[in-house]
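Here is a short briefing for a first look. Start with the sequence and the model shown below.

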Amino acid sequence: MSINIKLPLLRVRKRTSSALSSNMSKVPRTTTTYEPLRKANKIEEETVGLPIPTDDDDDAHFESLYDVKERHAASAWENMRCQLRNACIESLVMDDQPCMECSSEAEMWCQRCGSRAFYCKECWFHCHSKRNIFHTPVWKDDSCWRPVEIGGIKINVLVPHPCESKEEIIIRCLDEDGIEHNVHFMTCKCEPLAISLVRAHLWPASPTNPRYAFCFNLLDWGEALLLECQVSIKGLCEALYYKCPYIVKKRRDVYKCLIDAFEEYRYMKEQLRHLTFLNAQFDEGNVCPACPKAEGNVIISMDALFGLPRKKSSGKSHSEPLSGNRFFCSQNEVDLYVAQNSQTIIEANDCSSFMAGNPMRSASRFHALDETGVLGCACRHEIPLMFLNLKHGERLVYPSFIIEKILHHYPSDVHVTMMYDVACTLQKFLMKKWEVYDSRLSLAIPVFHAYGHKTECQLKFAPIRTNNIGLSDGEVMERLWSFLRRFSRITKEMKPFHRIDVLSSALSYYSYKKRANLYINTMKRLKRAIDGKIKAEQSLSALCTSGNLIDSDIIRMVEESNTIQVQISSNLPRTFFPKLYHIN
Ligand SMILES: [Zn+2]
Ligand SMILES: [Zn+2]
Ligand SMILES: [Zn+2]
Ligand SMILES: [Zn+2]
Ligand SMILES: [Zn+2]
């Protein structure tokens, strides 16, 4: 029996092939020596997508290799559960432990130094006074270990210099475990205290005369949890309270002073990642390394996301966004453009079954929102490029703004193919707005959205009928939105520019991940394209044989469909295929 058979899920429809593949992936439940089990890891991928046996199958008592593997893993955990718990309890037993440095009786236990790192008092201070300063030991108190705050930590990062203004002040520092420490910090008037704190990898809660600071490690965790798990600052503070040992007295509410400090810290890290302050030629994650910069065709997808609103009640910003216009266009510029072009109106969209561009989206359901959503674009390599906030529904003036900015951004020898859900209506809008239609621009409809349009639109804008577009499906924005809409839970309650900063960081993170996988993804796409070409040639050859066609017939069929397309575009009376081809 061979189990090395791949059957794509979509093709497994017939009962016969389903039964065949089911049998291939099953082993008897009663088998005691699971020979196939050893191969389970290797073939797991190959069995994914194969049909799952149902109760009405004659052989329902069989189970798939995946089921066998899962059942064995569950059984192994069950067998170990009690022993794991007991080992954990035993590791906490307070028997007499020697100091790991001097072998005298230990009084302190630092779990951050190691699971069995016991110290006498002297050795603990020796090891922690200059390094590991934020380690919090537990103190042996009769029969209990109690967390203890060790005061007297000293930090001096001043460059040695003769100075009469030197003084030692106490800074309260919050570490990544949610524990506060009193630090005796050496400062002088030659340098602002906030700068000295950063030299010690402590981020000040305020820029002037800070008395509270956060460890870099804590803020790094906050950033990772924000970008990958969409944890808000409020959520981070709550998690720190949860993690903090209950015996440590409750610390102050740091939420308010963490908000601005965290944003400033993230901005500093973004600057260090992109180094644009050193060289303005460096990009900030909003430029695709694979798209042509001159003499070529860039394929860009554009779409709107209404799942990223912001409530009017969430307040106003009192400063510009830190991220500038890295991803988001200047809101003043957008508002001005919308006001200037709101008079450009075209006839009602006759692809009426399609929602995008429908004026119903401007209805009153947006009255409680300041920003209703986001419109943006990304290249075919999924690198996010340009975004703007929507203040109404998806009016055509917004995509028009992005298209003009994109055309202005690229040099004149770069052709832009823009894929947009309602390219048909947008083209009418642009033809009315522009005196001369820009020949550098082609419009197309993403492949799955094309089916929502009438035949004329499909003939004119379907990706398969658009030149220089290859196998690009134009659906890159759907994949980007599925990531970005996860932020809506926290961004809808943010101030306007704070929201832009968070969304810009999210886009930068998405861009970073796509760049990291660009080589692998491009190679996968190339392989898929080559395989597809071979299959298409085989299918065409089989079609010609069964229909008794020759190459010239195929060419004529294509030319006839192009003729119809031209007739449709020019509103000429339509001809139909003059010859019927009977395919066996
Ligand atoms: Zn010792
Ligand atoms: Zn330690
Ligand atoms: Zn000084
Ligand atoms: Zn690209
Ligand atoms: Zn259409």
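Isoleucine 534 sits in helix α16 (residues 518-547); helices are DSSP runs of H or I with at least four residues, strands are E runs of at least two, and both are numbered from the N terminus. This is a predicted model, where local features need pLDDT of at least 70, side-chain atom pairs count only at pLDDT 80 or more, and totals for chains, interfaces and linings use all residues. Residues are numbered from 1 along each chain as its sequence is written, chains are lettered from A and ligands numbered from 1 in the order written, and side-chain values use heavy atoms, without hydrogens and water.

**Surface patch**

- Isoleucine 534 is partly exposed, at 43% relative accessibility (buried is under 20% relative accessible area, exposed over 50%, partly exposed in between, with a 1.4 Å probe and protein chains only).
- Tyr519, Ile520, Met523, Leu526, Ile530 and Ile534 make up a nonpolar surface patch with about 610 Å² of accessible area together.
- Patch residues have over 30% relative accessible area and no salt bridge; like charges are joined within 9 Å, and nonpolar side chains (Val, Leu, Ile, Met, Phe, Trp, Tyr) within 5 Å.
- A salt bridge puts a side-chain nitrogen of Lys or Arg within 4 Å of a carboxyl oxygen of Asp or Glu.

- Cysteine 113 lies in the loop between β3 (108-109) and β4 (118-119), and histidine 128 in helix α4 (residues 121-128), so the pair ties together parts 15 residues apart in sequence.
- Cysteine 113 is partly exposed, at 29% relative accessible area, while histidine 128 is buried, at 3%.

**Lysine 405**

- Lysine 405 belongs to helix α10 (residues 397-409) and is partly exposed, at 28% relative accessibility.
- Beyond its neighbours within four places in sequence, lysine 405 contacts Cys329, Glu333 and Met386 (contact means heavy atoms within 4.5 Å).
- Lysine 405 and cysteine 329 are 76 residues apart along the chain, with their C-alpha atoms separated by 9.4 Å.

**Whole chain**

- The chain has 17 helices and 18 strands.
- Of its 584 residues, 41% are buried.

Key. Areas by Shrake-Rupley, 256 points an atom, 1.4 Å probe, with all protein chains shown as cover.
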